Amino acid sequence: MTLEQKLKTNIYNDVRKMCREVGMYLNIEYDIDSLNIISELTWKKLQLFAKDLEAFQKHGKRSTVNADDVKLLVRNNDDLKALIENKIVEMATAKAEIKIGKRKRKSSPSGS
């Protein structure tokens with residue numbers, strides 16, 4: 001089994017599981033054909049996202065996809081854009097707090 005086949009299988013299984021969990025919560029039952037269609041749509045959308053993110057990263061002359069690439073990806077969906085921007089702020093805040101914590105440990109006296 002190729003890496004792509006393994007990834008696709010994992011995506012299909014995870015999407016089916018999520019649909020069933022959401023279905024239980026919303027009291028909705030999915031037949032297997034609908035689960036397969038939703039899984040295939042998810043797989044195709046993820047492939048498109050990956051291609052777009054790679055294009056943005058290359059256009060930026062970088063070797064890594066960054067948060068700005070993700071923001072660009074969701075630029076047409078206001079709700080997703082707001083969610084991503086909030087997540088970026090949360091991550092930056094957490095990163096800053098970690099740096100501050102490291103600085104405090106380095107500057108505290110070692111003889112205590």
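Mentor: Axes are lines fitted to C-alpha atoms, for helices over the stretch in contact, and angles run from 0 to 180 degrees between N-to-C directions. This is a predicted model, in which local features need pLDDT of at least 70, side-chain atom pairs count only at pLDDT 80 or more, and totals for chains, interfaces and linings use all residues. Residues are numbered from 1 along each chain as its sequence is written, and side-chain values use heavy atoms, with hydrogens and water left out.

Trainee: Why are α1 and α2 called oblique to each other?

Mentor: Helix α1 (residues 3-26) and α2 pack at an angle of about 125 degrees, and their axes are 9 Å apart. Angles under 35 degrees count as roughly parallel, over 145 as roughly antiparallel, 65 to 115 as roughly perpendicular and the rest as oblique. The pair is therefore oblique. Helices here are DSSP runs (H or I, at least four residues), numbered from the N terminus.

Trainee: Which residues of α1 meet α2?

Mentor: Among them are Leu 7, Ile 11 and Val 15 in α1, which meet a set in α2 including Leu 35, Trp 43 and Leu 46. Contact means heavy atoms within 4.5 Å.

Trainee: Why is Gln 57 called buried?

Mentor: Gln 57 has a relative accessible area of 12%. Buried means under 20%, exposed over 50%, and partly exposed in between (1.4 Å probe, protein chains only). Gln 57 is therefore buried.

Trainee: Where does Gln 57 lie, and which residues does Gln 57 touch?

Mentor: Gln 57 belongs to helix α2 (residues 32-59). Not counting residues up to four places away in sequence, Gln 57 touches Arg 62, Ser 63, Thr 64, Val 65 and Asp 69.

Key
Helices (H or I, at least four residues) and strands (E, at least two) are DSSP runs, numbered from the N terminus.
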